[in-house]
Amino acid sequence: MVKGLWDSYEDDALARNKQTGEYITKGKLHTLNHKGEYYAVRGPLNSSRPPQGRPVLVQAGSSDAGTTLAAKQADVIFTAQQTLEDAQKFYKLLKDKAVAAGREREDVKIMPGVSVYVAETEELARAKYEELQQLITPEIGLDFLADYLGYDLSKHDLDGPLPSDIPPTNGNRSRQQLIIELAARENLTIRELYLRIAGSRGHRITFGSPSQIADQLEQWVEHEAADGFNLMPPYFPGGFTDFIDLVIPELQKRGSFRTEYEGTTLRENLGLQEVKSRYTLQQV
C-alpha cells in the first residue's frame, strides 16, 4: 500500500506553469483507493515523488518470515552474522529467495553489522576494546542478554555456562539463536558472553590495524558474504572518526571504496536500480 502512495505523482507530474496556472499535469496524479481488511486509504500522498523514486527499504532480522519478506520487498538487509561461513549461507539464501520472488540478485544488498576497533596496531586496537569492556557492569550486561534471549540469567553463576534449557523467545528468535550458538562455539561463560554482546549488540567484532581491518572486510565481500557493511562503532563519535581516518584511506588505496559519490541519492550510491512508477511502467 505505501509503495502505491509513493507512486501518487509521476516523475513529471508537477507542471508549475505560471502562464496557464496549471500546477499539476492532468492525468499525472493518481489516487490509490486501497481497500483492505483493516483500513482503507484513498490517497494521493500529500508530497510529490522523491528523486530516488521511493525511500530505500531496509529489513532487519534473519528469521524465515523476515527473510521471505525481505526477498520480496527490501532493498537492503541488515543482519547479524558472526562467522564467514554463516554469512555466506545467509547471503546465498537471501539472493536465492529474491530470484524466486521474481527479482534480480543485485536488487537486494546484504549488509551485516560489524563493530570495528582500529588503531595503528592490533595491540592498540585490542587495548581500546579492553578499556571499554571494563566499563560494562554485570547489571548492564545481564540486561542486554535478557533483552536478546528473553530469559533472566541474574540467578545463574556468571562464571558458569549458559543454561541449556532457555526457551524460545517471543521476540527476535534469530538473534537469540545466534547468541546461544556463539556461547556454545566459543565455550563462553555468562560473564564472557555479556561482555561480547553488550558492546556489539550481537554483531561481529573486529580488531586490527587499518590493513588488517581492510583485509577482513574485503574477504567477506569477495567471498559473497556481504555486499557492504552497517558500521556499529563501539563509541561515538570516535568509533566513526577512527574508521574514516584509518580504514577508508586504506580501502580507497586498494580501489575497494569510492573516492567520489556515484550519484545524488542513497539509492544510486548503494548501487540499486532506479525505481519507476507503476504508472510509468504501464505506459511502456
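Visitor: Is Glu-224 buried, partly exposed or exposed?

Guide: Glu-224 is partly exposed, with a relative accessible area of 48%; buried means under 20% relative accessible area, exposed over 50%, and partly exposed in between, using a 1.4 Å probe and protein chains only. This is a predicted model, in which local features need pLDDT of at least 70, side-chain atom pairs count only at pLDDT 80 or more, and totals for chains, interfaces and linings use all residues. Residues are numbered from 1 along each chain as its sequence is written, and side-chain values use heavy atoms, with hydrogens and water left out.

The phi of Glu-224 is near 50°, a positive value in a residue other than glycine, and Glu-224 sits in the loop between helix 8 (210-222) and strand 9; helices (H or I, at least four residues) and strands (E, at least two) are DSSP runs, numbered from the N terminus. Arg-201 is another non-glycine residue with a positive phi, here near 55°, and its place is the loop between helix 7 (190-200) and strand 8 (204-208). With 23% relative accessibility, Arg-201 counts as partly exposed.

Turning to the peptide bonds, Phe-236 and Pro-237 are joined by a cis peptide bond with omega about -10°, and Pro-237 belongs to the loop between strand 9 (230-231) and helix 9 (238-253). A cis peptide bond also joins Gly-43 and Pro-44, where omega is about 0°, and Pro-44 lies in the loop that runs between strand 4 (40-41) and strand 5 (58-60).
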